[in-house]
Amino acid sequence: MPATTQPASSLARYGTEWWREGIVYQIYPRSYGDTDGDGVGDLRGIIEHLDHLGRDGLGVDAIWLSPIYPSPGFDVGYDVSDHAAVDPLLGTETDFDRLVREAHDRGLRVILDLVMNHTSDRHAWFQASRASRAGPYADFYLWQDPTGVDEDGRPLPPNNWLSFFGGSAWQYEPSRGQFYLHTFLVEQPELNWRNPAVEEAQLKMVRGWLDRGVDGFRLDVFNIFLKHPELPSNPEIQGMAPGTSAWDRQEHKYDRDQPDFPELIGRFRAIVDEVPGRMSVGELFYGGPETSATLSNRNHMVFDWELVRAPWSAAEYRDLLDRRQQIFGEDIWPTVVLSNHDQSRQASRLAASARIADTDAVARAAVAIALTLRGTPFLYYGEEIGLRDVVVPFDEIIDPPARRVEEGWVWWNRDGCRSPMPWTGDPGHGFTTGKPWIRFGDDADTRSVAAQAADPGSVMAAYRRLIAVRHDRPSLRHGSLRRLDLGGDDVLSYVREADGETTLVVANFAGEGTTVDLAPAGDGPWPPIGGSHPDPGAPDASGGLALRGLEVVILARR
Ligand code: NOJ
């Protein structure tokens, strides 16, 4: 048993509630650093790059690792065949313990991605479960008898539930003469969380990782762990626009968000809470900020996707902030997410939404907003150098739903946001000496960590400055947020306040410059303390602040 380590106390900021004040950085392990030349990133590759993240680098507080467990890889790691071990493709158990230790030495917490809704069909539990209706694993999955047979004698599924990845959510298993449920791939059977033995096994696994020094968890699709006990068909929604997917034409009344789910999360949190200072965040699988707020509690955050969906528009952001304020109020702690491994990267997405060619300028402005909002920011590897979606030709696609070719089936290829990190402009980009598992973007020769480290105007330089400003200012870390109406339609502005400190943020969403009158924000003076640009301007004597196109300025009240 390796020694449990905690981040060195002299380095760990913000005490046991660090996750409210800190910044989390998501790593997709297969794409971060490859030390054995097989083209796939590994745990040693992450260790090699920890200095990019710690105090002398970006200055984030925690790393969240997308799944590191053994997996046949049908859903690229989200199909887990053993939740308690490390995938040999990514390294050894010793590598993992070293990663935790080395991260802690740099004041970085380690957050694991727990995939507890389903397993791989290669998992020993499922192998036993599919083999027989008897034995300890028989009811570990959601098995149901057919409701009859069709005219060709084929068994009919138990209800109308659908797989998010297309087709029915039920797969017939001849050896049991029953169907099993899979909300995702056929290779990802759904666990039966209403079986107490499943909960016990899962919580034992959670405890195992905590004992190895892990500081918290991201819970994959957590609001679908529980289904309605009777598994009734979902209501079909009538009158949806043509082209709406079959999934969206159903009201997901019985396959997610069950009323007894918060108690289950309470039991999970009780284990996590045995040692103060451990965090958890649930991935909301469909659902808006209202559901996110309902499922959050004092110690547990829940993602919401409003910022991922919003186009680059000051009007949209104004509405979004007002809604957040109304829904999360003063007591519920939200998250701030612009990108992750399932979404188009923000530089591509936001620039395209407003037809802006300079994706770097949008990337700098977007993160200046994200890092000054109320809530814990979750950054996604590569966004700090303004990485854009990579176009992957069909014959190179890895993302399973994107390989599905069917009439009426449209799926965004998630490989586009999972391309390897370009560390340098050299061949292999400091990521691999082999053939990368997903191709690099066309701009990787010039867009790399090394290139941006040398450029004060780069996206990465902006991230470093903005992260430092957030760390310096209690009002940005935990203050209230009051939206203002300064400037014209293209301006977003708000004030953050805490501990007698006031910070004003003014963002110009337009490509052209503008001047904003700061007088309605109250008495200044308002010296600039940072922003998307290395040298933000100061307000003039009459309180007029000149902003460049796509510029965000952060000002402090003195
Ligand atoms: C949510 C994960 O974010 C996604 O990548 C995965 O495909 C599904 N869960 C299924 O595990």
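**Exercise 1.** Over the ring of which residue does the charged end of Arg345 sit?

*Solution.* The structure is a predicted model, in which local features need pLDDT of at least 70, side-chain atom pairs count only at pLDDT 80 or more, and totals for chains, interfaces and linings use all residues. Residues are numbered from 1 along each chain as its sequence is written, and side-chain values use heavy atoms, with hydrogens and water left out.

Step 1. Apply the criterion: a charge sits over a ring if NZ of Lys or CZ of Arg is within 6 Å of the ring centre and within 35 degrees of the ring normal.

Step 2. The charged end of Arg345 is placed over the ring of Tyr381, 4.8 Å from its centre. Likewise, the charged end of Arg324 sits over the ring of Phe328, 6.0 Å from the centre of that ring.

**Exercise 2.** Classify the aromatic pair formed by Phe126 and Trp143, and state whether each residue is buried or exposed.

*Solution.* Step 1. Rings of Phe, Tyr and Trp (its six-membered ring) pair if their centres lie within 6.5 Å; planes under 30 degrees apart count as stacked, over 60 as edge-to-face and the rest as tilted. The structure holds 37 such pairs.

Step 1. For Phe126 and Trp143 the centres are 5.7 Å apart and the planes form an angle of 10°, so the pair is stacked.

Step 2. Locate the residues, with helices (H or I, at least four residues) and strands (E, at least two) taken as DSSP runs, numbered from the N terminus. Phe126 is in helix α5 (residues 124-131) and Trp143 in strand β4 (residues 143-144), so the pair ties together parts 17 residues apart in sequence.

Step 3. Buried means under 20% relative accessible area, exposed over 50%, partly exposed in between (1.4 Å probe, protein chains only). Phe126, at 0%, is buried, and Trp143, at 7%, is buried as well.
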